[in-house]
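Please look over the sequence and the 3D structure shown here, and keep both in view while reading the report.

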Amino acid sequence: MPLVSGAEVVLAAAQAGRGVGAFNVIQLEHATALIAGAEQVGAPVILQISENAVKYHGALKPIGVATLAAAAAASVPVVVHLDHAMDRDLVTEAVSLGFTSVMFDASKLEYADNVTATSEVTAYCHEHGVFVEAEIGEVGGKDGVHAPGARTRPDEALAFAEATGVDALAVAVGSSHAMTERTAELDFTLIGELRAAVPVPLVLHGSSGVADEDLTRAVEAGMTKVNIATHLNNVFTGVVREILADQPTLVDTRKYLGPARTAVASEVARLLTILKAV
């Protein structure tokens with residue numbers, strides 16, 4: 001299936017009241033697992049490559065091209081998205097490679113500087129048909145202005161969206177990045193207020209810390225794009241640990257990465273159902 005734009009997938013989901021699962025790619029096994037899970041339930045999916053993942057690989061192109069190739073071979077709509085990019089040159093490279101969606105993160109800047117930088121990146125991306133997500137201030141867990149208890153004000157979210165022209169907005173409603181336990185308490189009333197105030201789809205970051213029933217409720221309250229990374233990494237590494245503990249002399253990486261990939265695919269299929277993606 002030809003690559004699809006972030007706008008095509010996210011806007012359609014927002015209009016239909018569905019969620020879209022956005023899952024992070026660190027290595028090729030993640031990409032193929034995420035696609036396999038989406039194919040199991042016939043749902044679109046967003047494959048995210050973060051700036052941190054780029055640093056891990058040393059460059060965007062190898063993992064980016066591999067992910068784009070896997071996406072192009074999928075039987076469901078797949079968006080390849082650059083996640084939490086603070087480097088504007090990285091955004092330019094992603095667009096040139098064929099990414100159809102980016103999250104530009106200038107949330108560490110002062111508000112006015114964030115607006116200026118985000119507006120410039122948005123204008124560039126729109127010239128190239130690329131969907132843009134942004135954030136007013138950091139969601140919790142990244143040692144920035146948003147602690148887990150922080151909340152995005154609807155009036156500020158509206159002003160930011162209008163000033164920057166972004167296509168989607170990440171908001172702080174109680175979740176936090178890199179949580180390994182699913183104990184986050186979301187503010188569902190605030191999600192509804194943000195949905196009513198903001199004219200673009202809302203994005204929930206730090207969703208690994210959110211329980212199943214609250215993920216569904218968040219989508220019903222107005223969230224569209226839901227980012228989940230740490231939870232799937234827990235699934236992946238949990239399988240690897242079990243296999244290597246049981247077979248300590250095993251050296252063929254396919255013997256443990258393969259089952260880990262299968263487990264992630266199954267969990268992705270389950271999560272997409274919970275997110276009402278189908």
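The report below takes up a pair of helices and then a cavity.

## Basis of the model

This is a predicted model, in which local features need pLDDT of at least 70 and side-chain atom pairs count only at pLDDT 80 or more, while totals for chains, interfaces and linings use all residues. Residues are numbered from 1 along each chain as its sequence is written, and side-chain values use heavy atoms, with hydrogens and water left out.

## Helices α2 and α4

Helix α2 (residues 28–41) and helix α4 (residues 61–72) have axes that come within 10 Å and cross at roughly 20 degrees. Because angles under 35 degrees count as roughly parallel, α2 is roughly parallel to α4. Helices here are DSSP runs (H or I, at least four residues), numbered from the N terminus, and axes are lines fitted to C-alpha atoms over the stretch in contact, with angles from 0 to 180 degrees between N-to-C directions.

On the α2 side, L28, A31 and I35 meet I63, A66, T67, A70 and A71 of α4, where contact means heavy atoms within 4.5 Å. The residues of this contact divide into seven nonpolar, one polar and no charged.

## The largest cavity

The lining divides into five nonpolar, three polar and no charged residues; Ala, Val, Leu, Ile, Met, Phe, Trp, Tyr, Cys and Pro count as nonpolar, Asp, Glu, Lys and Arg as charged, and the others, Gly among them, as polar.

Notes:
Helix = DSSP H or I, 4+ residues; strand = E, 2+ residues; numbered from the N terminus. Parallel < 35°, antiparallel > 145°, perpendicular 65-115°, else oblique.
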